[in-house]
Amino acid sequence: MRAFRRVGRLALTVLAGCTAVLAAAPGTSTAATGPDCAPANPAALRDFFDGALPDGLDEHRVPGAVVSVVSGGDTVFAKGYGRADTERGTEFDPARSLVRIASITKLFTWTAVLQQVEAGRLDLDTDVNRYLTDFQLPATFPQPITLRHLLDHTAGFEERVVGTAARTAEDMPALGEILAEDMPARIRPPGEISAYSNYGAALAGHVVERVSGESYPDYVRRHLLAPLGMDHSTAEQPVPEDLAADLARGYDSDENPPRPYPFTFDTLAPDGSISATADDMARFMRAHLQSGRSILGAETAALMHERSFAADPRLGGYAHGFMDRTFNGHRVLMHDGSWEGFQSALVLVPDCDLGLFVSLNGTGGIDAAGELMPAFFDEFTPAPDETEPAAQSTSDTTEPRAGFYKPTRHNESTVEKLTTLLGPARLSVDGAGVVHFKSKEWLPRPDGMYELADGTDRLVFVDGADGRHYAATDGSTYQLMPQAETLPVNLVVLLVFAVPALSALALPVAWLVRRLRHRPARTTGTWRLARGLAAGAAGLGVVFLALLMLTLVEGSGEFLYGVPLSFRLLLAVPIVVLAAALAAIACTVRGWRGSGAGVVARVHQVLLLAGMVALGWFLWQWNLVGWQF
C-alpha cells in the first residue's frame, strides 16, 4: 500500500546521484578548504537554477518550485519557479509562498532538544522515561532509550505509518495521547543500528513539551521562529488564517493534469508539521552556519554538528539529527522532507559556508531533485584536488551473507509487517567476491568495504545482537531476513495451500452432479461435513488472499488516516477460515474410520488440510489473524 511506503525517498535519490568520497570519522570531516568552493554569487546561482529548474519541472510534471541559497552570512539567492497553486494561478514567491517542509521539521525539533540541553533541563544520555510523566516506554531491552538515540534514529523502534495523518483539526489527537496509544514495538536494542523513525522525532518533541511547559507549536514559534525573524512560517496545523492565503499546494504528478492534495494534518507534529517560506528557511540555515546565532550557543551548535552515529565511520551517518554525508570531498549536513506532494531538501556545506533549501510541489519532484542536486554540488562544491586520508573503521565489520534483506525501517508487530514481503532486496556474492545487491555490483576493497564502480556509494556488513546481520550503505541500512520471511519460502507455502484449495472447487460441482442424477451418498455424514468444511475454508481462503493482494497492489492512501472499515471487515475472514479448518480437522479425525471414502478422496482431504495448515502459518507469520494494528 502506498501509505505504508511513506519514506524519505528524496534524500535517497539525492544520495544516489551524488559522488561520495570517504566519510569522516566522528566529530571530524574530510572537508575541503575554502579555495575548493566555487563562488556562490547571485549571478552564478541565477544562471544555474534558471537553466536547471524549469526543464526539470516540465519533464517531471511538477507545477513549481522555490529555492533559497545562503553564503557568507547572507541570503545570496532566492527565487520561485512555476506555480504554487495552479487553480488560483499563484506563482511561487520565496518571501510569501509557504511549503510543507515535512521531515525537515525534525531539524527544528532537534535544535529545540539541544536548546533544552543547553538550558540544563535535558541530558542526551539520560533515559527518556525520566522526562515522561504521562506514559512510559517499555523496558523491552536492558538498555534504556536516550535522547541521543532519538536524534540518531537508533532507538530501535519499528516503523508505523497507519494512522499517522488526519483530515481535520477535530481528528487530531493530542501529541502525548497518540504517542502513548500508538507506540511502536521496540524491535532491537538502542544504539545498534539506525532505522529512521518519525515516532522517535515526535517523542523528542514531546519531551521538549514536558520540560518546557509549552506545546510544540508554541515552543517552535517562541524559541526558534521568532528569534530568527521567520515571521511567515508556522508549526501550527492548520496554518493560521493570516498565512493561509499564501500556502502553496502539493500535487500528484502521476495524474494528468496533476491533482492537488488536500491539507493533511501530521498527527506526529514534531516530525513534520512546519510550513515555511524559502526566505525563512534561509534564516534557519544562516543560524546553523553561523554557530547557532540567535538560537544556540556556539559550543552547543558545534556539538550538534558533530558526527554522533554511523554504522561504520567510513559511511554516512548522523550528526545529532542532521544526515551527515560527504559529497565531492565536502562534508554535508542535510535533511529531506516528503509530504502532501511536496519534495524538499535542506543542505548545509559548512566548509563552503553554503546552504541550499529547495522545495518542489509535486511528487515528480523526487526525480527532478535527483537531477538538480548532483549538478548543484558539481557546480558550487567541486571536488578538491586533494582530500584528507579516509577514516579507519572502528566497527566490527563482517563478511557478506547471501540472502534477502529488508530495510531496517520496517514493521514486525502489526499488519504493516506484510509490506516487507513485497520489496526485499536479494544479495549474492560471486566467485570473484563481487557483491550483487540492489541491482548493482559492489566491488571488494582491501579494507573490508565494498564500493560501486563509480564510487558513488559504499557498503559494509555489520553484525548486531541476537544474530541480526546488517548491510549498511552511505544512505540506507538493510537487515538480513529470516528464511521464513523471504518471498521464495512464502510463495512455496502459498503454493502448498493454493493447489489443493483450487482443486477443492470441484467438490461442489461433484456434489451437484450427484444430486442431479439422484445418486445416493456412499460416505457418512461426518465425512461429508469434513469435506464441506475443508472445501469451504479453502475457497474462502483463496478469496481472502485475492482481496488482500488487490489491496496491496492497488494501494490505498486511506491507511494513512487509519485502517479502513473495508480492511477491518476483510480481517474477519481469516478467523472464519481457521475456525472452519479446525472443525474440518476434527470431523476428519472423527469420521476417518468407516467413512466410506475412497483412497483418492482421503488423500485429497489430507492435502487439503495440509494446505490449510500452510495458510494458517502464513496468516500467523504476517499478523493477519485478528486485528493487529
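**Salt bridges, burial and a helix**

Asp312, Arg314, Arg445, Asp447 and Glu451 are linked in a network of salt bridges. The model is a predicted one.

Reader: What makes glutamate 451 and arginine 445 a salt bridge?
Author: Their side chains meet at 3.5 Å, N to O. The cut-off is 4 Å, so the pair qualifies. By this rule the count comes to 26 salt bridges.

Reader: Why is glutamate 451 called partly exposed?
Author: Its relative accessibility is 21%. Buried means under 20% and exposed means over 50%, so glutamate 451 falls in between.

Reader: How do you know that arginine 331 forms a salt bridge with aspartate 324?
Author: The closest N and O atoms are 2.9 Å apart. That is within 4 Å, so the name applies.

Reader: Why are arginine 331 and aspartate 324 called buried?
Author: Arginine 331 has a relative accessible area of 11%. Aspartate 324 has 1%. Buried means under 20%, so both values pass.

Reader: What makes aspartate 463 and arginine 401 a salt bridge?
Author: The N to O distance is 3.6 Å. The limit is 4 Å, so the pair counts.

Reader: Why does this pair tie together separate parts of the chain?
Author: Aspartate 463 lies in strand β20, residues 458-463. Arginine 401 is in the loop between α11 and β15. These parts are 62 residues apart in sequence, so the pair ties them together.

Reader: Are aspartate 463 and arginine 401 buried, partly exposed or exposed, and why?
Author: Aspartate 463 has a relative accessible area of 35%, and arginine 401 has 37%.

Reader: Why is arginine 100 called buried?
Author: Its relative accessible area is 0%. The cut-off is under 20%, so arginine 100 is buried. Its place is in strand β4.

Reader: What makes the approach of arginine 100 to glutamate 340 a polar contact?
Author: The two side chains come to 2.6 Å.

Reader: How do you know that the span of helix α12 agrees with its length?
Author: Helix α12 has 17 residues, 487-503. At 1.5 Å a residue it should span 24 Å. Its end C-alpha atoms are 24 Å apart, so the two agree.

Reader: Which residues of α12 are buried, and what do they pack against?
Author: Asn490, Val493, Phe497, Pro500 and Ala501 are buried. The buried residues pack against α14 and α17.

Conventions
Residues numbered from 1 in each chain as written. Predicted model: local features only at pLDDT ≥ 70, side-chain atom pairs only at ≥ 80, totals over all residues. Heavy atoms only, no water. Helix = DSSP H or I, 4+ residues; strand = E, 2+ residues; numbered from the N terminus. Buried < 20%, exposed > 50% of the residue type's maximum accessible area, 1.4 Å probe, protein only. Polar contact = N/O pair within 3.5 Å; in protein donor to acceptor, adjacent residues only side chain to side chain. Expected span 1.5 Å × (residues − 1). Contact = heavy atoms within 4.5 Å.
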